[in-house]
Amino acid sequence: MAIVLALETSCDETAVAIVEDRTVHASVVSSQIDLHRQYGGIVPEVASREHVLTLGPAIEQALATAQLDWAAIDGIAATCAPGLVGALLVGVTAGKTLAMVHDKPFLGVHHLEGHIYATYLADPALEPPFLCLLVSGGHTSLIQVQDCGEYVLLGQTRDDAAGEAFDKVARLLDLGYPGGPVIDRLARDGQVVFALPEGNISQPDGSSHPYDSSFSGLKTAVLRLVGKLRSQSGEALPIADVAASFQHTVATALTKRAIACARDHQLSTIAVGGGVAANSGLRQQLQAAAAAQGLRVLFPPLSLCTDNAAMIACAAADHLNRGHESDLSLGAQSRMPL
Ligand code: KG4
Ligand code: ZN
């Protein structure tokens, strides 16, 4: 049993949590989204500076919420990769310093491993093996979870992540940032009337890759469609129909790949994570397709799907219970395979 205090600063959320194995004692998430919205996307320098300002108070708030002091903490963890290096360094440096000052073990956690562990927090009875579909602003991955630290990346995007596609399409429709929630809302009033490319990846033998995806062609297709619709004189842009058609295409692409991957690898549970897990189109399509195949789908609450430190603490607790620890020379890396 380990009580871990974890820091997550890989992108635009400053998060601190205290978790005891699969039980959350405190989870503080301070979003910088309003700060970045004026730029239409995340500005790395601004993110790092904001983490520096927010992290200290967030740590104090987490300890106060959990009603614990440093003596009760068994280990300190921080996300060390992948992400914005300057942003990651804030959490890693703070985590290592706290570990040194309070004489606790330190553990650097891979951000994607954190997203996998969010599914254990959502369902503490969940046990591997299972398939994790991770769909966020930075990742679109299909990961076979075998055990703690044993992950097989079975599929990924070759270009834009699913959330990135939502954000880019929203930008070209002048809908603001982040785009996913706005498109999701608009799509409810629209019809799937435009055929858009799903983004299949060709393999050398001419077949499509069963699990990899591509969303940059879809974004370009939406751009062309919008240009064509705008040039049709006198007609207002059928924005809800564009949103519904785009969302349907993304949900279809993700559903097909996740179902094929789970079936081919005899995995009976698909656990979904990342901000795009909130998407109503994806939820409907994946749930229906999984039910038809006798598969279980686990959609954690959105607070666990989007970036948070509870998932990092949960992963770290499992590792610390197994005696794993990071060296205090650990740095931060923008990219790192799982
Ligand atoms: O996991 P997340 O909060 O942050 C990381 O990227 O790590 O994911 C953010 C992404 C954004 O691209 C946002 O547009 C997308 O999740 N998103 C959605 C929805 N809510 C958030 N995409 C589609 N439908 C939604 N309802
Ligand atoms: Zn994330």
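The model is predicted, so local features need pLDDT of at least 70 and side-chain atom pairs count only at pLDDT 80 or more, while totals for chains, interfaces and linings use all residues. Residues are numbered from 1 along each chain as its sequence is written, and chains are lettered from A and ligands numbered from 1 in the order in which they are written.

Let's start with the overall layout. The chain splits into domain 1 (3-118 + 305-321) and domain 2 (128-299), with bounds that come from an automatic or database domain assignment. Their C-alpha centres are 28 Å apart. Domain 1 gives 12 residues to the contact and domain 2 gives 16, where contact means C-beta atoms, placed from the backbone, within 7 Å. On the domain 1 side, helix 4 (111-122) supplies the largest share, four residues.

Now step into strand 9 (residues 269-273). Helices (H or I, at least four residues) and strands (E, at least two) are DSSP runs, numbered from the N terminus. Five of the five residues of strand 9 are buried, so the strand is largely enclosed by the rest of the structure; buried means that 20 or more other C-beta atoms, placed from the backbone, lie within 10 Å of a residue's own. T269, A271 and G273 cover one side, and I270 and V272 the other.

Strand 9 also has partners, pairing being at least two DSSP bridges between strands. Strand 6 (residues 130-135) pairs with strand 9 in the parallel sense over four bridges, with L133 opposite V272. Strand 10 (residues 296-298) pairs with strand 9 in the parallel sense over three bridges, and here A271 stands opposite L298.

Notes: Two residues are in contact if their C-beta atoms, placed from the backbone, lie within 7 Å. A residue is buried if 20 or more other C-beta atoms lie within 10 Å of its own, exposed if 12 or fewer, and partly exposed in between; C-beta atoms are placed from the backbone.
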